2 protein chains.
Amino acid sequence: MGELREPLQQLAECGLPTALEAMGERWSFMILRAAFNGVRHFEEYLSEIGIARNILANRLTRLTESGILHRTPCPDDRRKVEYRLTNKGVDLLPTMIALRQWGERWGTGVLSNPVLVDERDRQPILPVTIRSHDERVLGHMDLCWMNSADITPVRTDAADDVGDRVRKLSAI
Amino acid sequence: MGELREPLQQLAECGLPTALEAMGERWSFMILRAAFNGVRHFEEYLSEIGIARNILANRLTRLTESGILHRTPCPDDRRKVEYRLTNKGVDLLPTMIALRQWGERWGTGVLSNPVLVDERDRQPILPVTIRSHDERVLGHMDLCWMNSADITPVRTDAADDVGDRVRKLSAI
DNA sequence: ATTTTAGGTTTCTATTTGCAACTTAAAATT
DNA sequence: AATTTTAAGTTGCAAATAGAAACCTAAAAT
């Protein structure tokens, strides 16, 4: 009867609902991908992604309101408007690439060409992973929750008696 | 007039649409988070996330169909059913944590407690980043697209004349 | 024998999506 | 100068989806 896991507190107060409020809608990530690939203008987004006109207008407004895109009327052609990524928007790149990599790995044999490489060495990037403070790649079972007050700020200090102040992520 | 970026090809054929087909719906990531935190049963999901009964039933079915969750009737109590993550589902963890971290960083002062730590050292995990083959952290401007046929398979080889076989991700 | 629990399904309403046509201002063309 | 085209929306309407509440069925608990 004594359930060991009780992660009910943080479920309410984590960054995920916040993130989903901004990015949880159907076309948001597709618009973001287009923006990352240099798409700037309304009609350009429209033809690039197969989205309806009114929906695109609505999404661009929302993404602008949530500070992911910035809307600037073009000075040289006053019909045109530019929608480009803010720093907040650029900061979604790891999420987007992680999602894309997952789709490639598990999707229906997507060959993924062209491939993302780093400019310096022209080699494909690594799969996006979770890492410890000292850069070890961590799996699901290497993670647990801890109260931030109980964490020793320095990094070169062995774990003392943490007892029940640690909550393990549940086993699959 | 000569537009330098033309990433129109890969927009159609990348893993993102595939991923969004499975995970693009409103409650999918919330269900996934609950699953990662050890939620197994229908009524448990129901009370954990604030989702409607019929929608939850529908999403659990869809997530099961797309191989992210596995549905098992409980042997000991034949009223109960277990929905738990498959390997495919577990593999979404980097995406989910990246999204969560973004929400924490840019959201309305979410203090994020408890915090995810690695079990060995009890230190908070690093922000999820994009990395080169030799583990350098890469920013948006360090990335470009390349035809997979043009990549030299080995890693210790300086870039020769790649010319127009490389397409830069557009500047923000 | 009755009540409670678990996991749904059904019904109905409200919201969202998507298509197609329309609008408005500015630029390009004749 | 008049006309056409382009860009970025808005509007109206049908279809699909989300959500609340009640209902259902089998199994377990009392």
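In what order do the elements of chain A run from the N terminus on? They go α-α-α-α-α-β-β-α-α-β-β-β-β-β, which gives chain A seven helices and seven strands. Helices here are DSSP runs of H or I with at least four residues, strands are runs of E with at least two, and both are numbered from the N terminus.

Keep in mind that this is a predicted model: local features need pLDDT of at least 70 and side-chain atom pairs count only at pLDDT 80 or more, while totals for chains, interfaces and linings use all residues. Residues are numbered from 1 along each chain as its sequence is written, and chains are lettered from A and ligands numbered from 1 in the order in which they are written.

**How the two copies relate**

**Where the chains meet**

- On each side of the interface there are 82 residues: 82 of chain A are in contact with 82 of chain B, contact being C-beta atoms, placed from the backbone, within 7 Å.
- Helix α7 (residues 93-106) of chain A gives the most to its side, with 13 residues.
- By class, the side of chain A that touches chain B has 41 nonpolar, 21 polar and 20 charged residues. Nonpolar covers Ala, Val, Leu, Ile, Met, Phe, Trp, Tyr, Cys and Pro, charged covers Asp, Glu, Lys and Arg, and the others, Gly among them, are polar.
- The copies meet through the same surface, because 100% of the interface residues of chain A are also interface residues in chain B.
- Strands cross the boundary too: β6 (residues 143-146) of chain A and β3 (residues 115-118) of chain B run antiparallel and are joined by four bridges. Strands pair if DSSP finds at least two bridges between them.
- One of the partners in that pairing is V115(B), which bridges to M146(A).

**What is tucked inside**

- Buried residues make up 30% of the 172 residues in chain A. Buried means that 20 or more other C-beta atoms, placed from the backbone, lie within 10 Å of the residue's own.
- The largest nonpolar core has 65 residues, and those touching the most other members are F29, I31 and A35 of chain A and F29, I31 and A35 of chain B. Such a core is a set of buried Ala, Val, Leu, Ile, Met, Phe, Trp, Tyr and Cys residues joined through C-beta atoms within 7 Å.
- Beyond its neighbours within four places in sequence, A35(A) is in contact with L69(A), Y83(A), R84(A), L85(A) and G89(A).
- Helix α2 (residues 15-23) of chain B is mostly covered, with seven of its nine residues buried. Its cover includes α3 (28-36) and α7 of chain A together with α3 (28-36) of chain B.

**Around the DNA**

- DNA strand C is surrounded by 19 residues, the closest being A52(A), R78(A), H41(B), F42(B) and N54(B). Near means that a residue's C-beta atom, placed from the backbone, lies within 6 Å of the strand.
- Helix α5(B) gives the largest share of the surface near DNA strand C, four residues.
- DNA strand D also has 19 residues around it, and the closest are H41(A), F42(A), N54(A), A52(B) and R78(B).
- For DNA strand D the largest share, four residues, comes from α5(A).
- The surface near DNA strand D divides into six nonpolar, three polar and ten charged residues.

Conventions: Buried ≥ 20, exposed ≤ 12 C-beta atoms within 10 Å, placed from the backbone. Contact = placed C-beta atoms within 7 Å.
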